[in-house]
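Visitor: Please pick a single part of this structure and go through it closely. Then place it in its surroundings.

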Number of protein chains: 2
Amino acid sequence: MSRIVALETTDIRFPTSLSLDGSDAMNPDPDYSAAYVRIVTSSADGIDGHAFVFTIGRGNDVQVAALDALAGHLVGRELEPLLDDMGATNRELIGDSQLRWLGPEKGVMHMAIGAVVNALWDIKAKRAGLPLWQLLSRMSPEEIVALVDFRYLTNALTPEDALQILRDAEPGRAVREQELLATGFPAYTTSPGWLGYSDEKLARLCREAIADGFGQIKLKVGADLDDDIRRLRVAREVCGPDFPIAIDANQRWEVSEAIAWVNALAEFGIAWIEEPTSPDDVLGHAEIARGVAPVRVATGEHAQNRVIFKQLLQADALAVMQIDAARVGGVNENIANLLLAAKFGVPVCPHAGGVGLCEAVQHLSMFDFVAVSGSLDGRMIEYVDHLHEHFVVPTDVQGGAYRAPLAPGIGMEMKAASRAAYQFGSSDAAA
Amino acid sequence: MSRIVALETTDIRFPTSLSLDGSDAMNPDPDYSAAYVRIVTSSADGIDGHAFVFTIGRGNDVQVAALDALAGHLVGRELEPLLDDMGATNRELIGDSQLRWLGPEKGVMHMAIGAVVNALWDIKAKRAGLPLWQLLSRMSPEEIVALVDFRYLTNALTPEDALQILRDAEPGRAVREQELLATGFPAYTTSPGWLGYSDEKLARLCREAIADGFGQIKLKVGADLDDDIRRLRVAREVCGPDFPIAIDANQRWEVSEAIAWVNALAEFGIAWIEEPTSPDDVLGHAEIARGVAPVRVATGEHAQNRVIFKQLLQADALAVMQIDAARVGGVNENIANLLLAAKFGVPVCPHAGGVGLCEAVQHLSMFDFVAVSGSLDGRMIEYVDHLHEHFVVPTDVQGGAYRAPLAPGIGMEMKAASRAAYQFGSSDAAA
């Protein structure tokens, strides 16, 4: 038996705004940041749990304060009962009635709970000697269902529905795991498309993306229609007529504006329009989906919890579901999100990029393929070539595919030297 | 010209869990708390701005950290330009792209921005020598429209729609202000209905509520159906067959459960069912509204922002809209919410109680009556008789009506002695 002895937090900020990497129509100058948590235990095995909330700069200190507020729940507790029933552990943290008032289940407090849940999963996976995707993929359907909080979901997804989905996928698990290990999981890249780049840089990065084997690129749009038309023309010319090009408005538009803008770009062949409007606007997304068809609507990186995903699916408001590893209540809530997508037959193409999001979210897609949806059809994970060097297990993307990580853990552990160098206030960090 | 010299914050917690005041099916042991902000200026007039975010205990420190994170936006700034264009001030704070990532426009960070916006309104109202409701009610329709951020609203409410609503109400303003000053704004009381109370206490408090002139009571439900049937029978016997009794489930139920539970209680005559399920579940509320008709659905105290209210109205998911003074992005966003309700013809009956929420939200309802909806029909403000003694201008409820406050300001200023006595960590505060 061991105990949790500390919940150590760090405010880490990278000065990415200096290069305009990551600039889009809503976020002109992000400093990619991590409100980082490390769970330290009394165990002789030396294993600790690492996770973070991703932010884009200011406010990362508020996110750290929210992580600190969870220490009272965990420090001093016996570790094994928490790890042995991660469903109960997740429900206990999400269910704190006083903390719940700060959301409920959304924003700063919910993301902090998600990070702490993820850090516990990191310990669990490291103890098992398995990467998260493999740990989850080797659980029984019953064990997986027990991880999920079905509160507010049962009018769309019941535990019985979830069990059926998982059982249907069970016979093919071994074959798909071999396929995944052999060929990896498809990736697409956003690297060419940031708003701050010149047309020359856009064209060069498009050529590189195709040469690197990516199956799709994505361009940021929404600041200026004429600019978007020009940039899409450049990208389409470089990529050829059939290569998938998605666009991303980062919540910039009103509903009617989204419909008009996307229709004005449709001639260039749009794989999907991502985040056309407020991430809270389920009915607005549904209206947009009807108004821009056959262009598909994608959203989810800012979907605050499973209740929003449930409604987006119920309302036919999205055709591509984009989970994020650090936005919702951790691995457990993302399993609920994967099961919802499977129930409605919608492909999950996770949001990634930022700092460490690629490293983290690949595990969820790989678990989805092996044990939930059982399909790669229309599935791919976003890839952005930023800041991977700071991670103990950096993503390994080759030939346009994420290679399945084999190192134990959830993939969110940042190198100690990077954590120290980019701690807020140190000389390398964002000002 | 004066400057903002400090944004002073305090973590204030009252030990209300000791008496079970405020206990409901989701919140068994709240410690009513305020993450308090005071804006100090260099002006010789001695006026400072007071506001707070209401929480129920743990996490109040996180909310204070979010207030502190806004100091960089305001300290050192010239005050008059901020106060002269509160629409722009509000949009600037809401629009900080890095802080926005923490929501967007929801949870801890959004509520903090709301409190700071409100504290600025407090200064503006005190400088004008007017209570907030009167300050707003004397603005022109054009000035009021300029306060509203219409982002994400225009498929339901345009600036032109808002202007028309306000112009239609303009001729009757003076008459309604006189009516309000003469008779006050109707109140209902939740005091009898907390789950922790005995049947005897419930019956006694029902009798007192009627004797005090309240036009409606509300009972907490949702923990145990048999208990709810027994308590509603007690209340109905005491109140007589025609007295309005609302019920409040505080988000306890699944959609199907809500429909079945409410229908099982319908024989007792239900004025409205409040917060039947997740506050995020627009489509769920719509399904419940259809399933429990003619019982009306009320919600909104946890609606995170105007985008949720917009959808609840679009989907016919609520019949009573319950704004909260401290949940959304301050006075400005609540003006948007009042305009949305007026556009859809739905009455606003604000959430209050907690600590200081009655003092604050009455201003918004009174403004709604004088200058927006122009109606008292079906409108009333919740009243709970807790903790009013800590405020500089406590609510004055007589004969079941809120008397219109005449003291300058927004009503959220807590007495300095109370702030000191209940500062977290002091001997009187919640542990």
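Guide: Helices here are DSSP runs of H or I with at least four residues, and they are numbered from the N terminus. One such run is helix H6 of chain B, residues 107-128, and B:Ala112 lies in it. The model is predicted.

Start with B:Ala112. Its relative accessible area is 0%, so B:Ala112 is buried, the cut-off being under 20%. What touches B:Ala112, beyond neighbours within four places in sequence? The contacts are B:Val53, B:Gln63, B:Ala66, B:Leu67 and B:Leu70. For a sense of distance, take B:Arg167. B:Arg167 is 55 residues from B:Ala112 along the chain, and their C-alpha atoms are 32 Å apart.

A:Pro104 sits in the loop between helix H5 (97-100) and helix H6 (107-128). The peptide bond from A:Gly103 to A:Pro104 is cis, with omega near -10 degrees.

Helix H14 of chain B runs over residues 282-292. Its buried residues are B:Val282, B:Gly284, B:His285, B:Ala286, B:Ile288, B:Ala289 and B:Val292. An α-helix has 3.6 residues a turn, so residues three or four places apart point the same way. What covers the buried residues of H14(B)? From chain A, the cover includes helix H14 (282-292) and helix H15 (306-314). From chain B, it includes helix H13 (255-265), strand E7 (272-274), strand E8 (296-299) and helix H15 (306-314).

B:Glu275 lies in the loop between E7 and H14 of chain B. Its phi is positive, about 45 degrees, although B:Glu275 is not a glycine. B:Glu275 is buried, with a relative accessible area of 0%. B:Pro294 is in the loop between H14 and E8 of chain B. The peptide bond from B:Ala293 to B:Pro294 is cis, with omega near 10 degrees.

Another loop of chain B has a positive phi. B:Tyr152, between helix H8 (141-145) and helix H9 (159-169), has phi near 75 degrees and is not a glycine. At 3% relative accessibility, B:Tyr152 is buried.

Finally, step back to chain A as a whole. Chain A has 18 helices and twelve strands. Its radius of gyration is 21 Å, close to the 22 Å of the globule rule for 431 residues, so chain A is as compact as a globular protein of that length. The C-alpha trace spans about 60 × 55 × 45 Å along its principal axes. Of the 431 residues of chain A, 67% are buried. Of its contacts between residues at least 6 apart in sequence, 76% join residues at least 24 apart. The accessible surface of chain A is about 13100 Å², with 51% from carbon and sulfur atoms. Chain A has 36 positive and 59 negative charges, and their mean positions are 2 Å apart.

How values were computed. Residues numbered from 1 in each chain as written. Chains lettered and ligands numbered in written order. Predicted model: local features only at pLDDT ≥ 70, side-chain atom pairs only at ≥ 80, totals over all residues. Heavy atoms only, no water. Helix = DSSP H or I, 4+ residues; strand = E, 2+ residues; numbered from the N terminus. Rg over C-alpha atoms; globule rule 2.2 N^0.38 Å. Buried < 20%, exposed > 50% of the residue type's maximum accessible area, 1.4 Å probe, protein only. Contact = heavy atoms within 4.5 Å. Areas by Shrake-Rupley, 256 points an atom, 1.4 Å probe, with all protein chains shown as cover. Lys, Arg positive; Asp, Glu negative; His and termini not counted. Charge placed at Lys NZ, Arg CZ, Asp CG, Glu CD.
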